[in-house]
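Here is a briefing on strand pairing and the turns that link the strands. Please look at the structure first.

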Amino acid sequence: LDAIATTYAELASPDAQYRSRITFAAHLRDYDYRDDFVTTDVEHTRRIVSWLNTWTPSDSVELVGGLEYESARVVINDTRTDDDLFAGFVSATWRPRLNVIVDAGLRHDEFDSFGSATTGRAGAAWLLDQGRTKLRATFGTGFTAPGADDRFGVPVWGQLENPDIAPEKSRGWDIGVDRDC
């Protein structure tokens, strides 16, 4: 069984400068893994609430901010793990000139299982020849918490628990040219 349900409500100001959307979602995966040696019952349930707000005070500025909550439960052969995530984020896009775009954003996550992490991203782009060519550069940081199977193992698969596993952290950048022919 793989089931997904999503519903949302959206509100916008008459001049469309402000939009707010709240989304409720649920995802259930319940399946049996079988091979020649073992059968494993896996149930993964996620419940998500997301609130997204967009404010466009002018043609050159857009601000986006929001909050998220996710509750996840994984049950593998009667071994249950739970994890909650609270997050907040904000980003801004600025067009100081018609052909220049600057953007930046921050996100803060609070994990029940791994504490907190703050990540960010910044970028800039320069559009040339009526927007057909874009010179761009970005820099950002990332964070990924280990999954329940990594932390608690799946003994029937021979995967041992690793309670000391650390989250993955990253930094990345890119510089590029995009061309629309």
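**Strand pairing in brief**

This is a predicted model. Strand β7 covers residues 115-128 and pairs antiparallel with strand β8, residues 133-144, through 8 bridges. β7 also runs antiparallel to strand β6, residues 100-111, with 12 bridges joining the two. β6 in turn is joined to β5 by 11 bridges, again antiparallel. β5 pairs with β4 as well, in the antiparallel sense, over 16 bridges.

**β4 and β5**
- β4 spans residues 61-76, and β5 spans residues 79-97.
- Leu63 has Ala92 in β5 as its bridge partner.
- The two strands form a hairpin with 2 residues between them.
- Asn77 sits in that turn and has a positive phi of about 45 degrees.

- Asp103 finds its bridge partner in β7 at Gly123.

**β7 and β8**
- This hairpin has 4 residues between its strands.
- Asp129 in the hairpin takes a positive phi near 40 degrees.
- Leu127 is placed opposite Lys134 in β8.

**Points to check on screen**
- Which residue in the β4 and β5 turn has a positive phi? It is Asn77.

Methods: Residues are numbered from 1 along each chain as its sequence is written. This is a predicted model: local features need pLDDT of at least 70, side-chain atom pairs count only at pLDDT 80 or more; totals for chains, interfaces and linings use all residues. Side-chain values use heavy atoms; hydrogens and water are left out. Two strands pair if DSSP finds at least two bridges between them.
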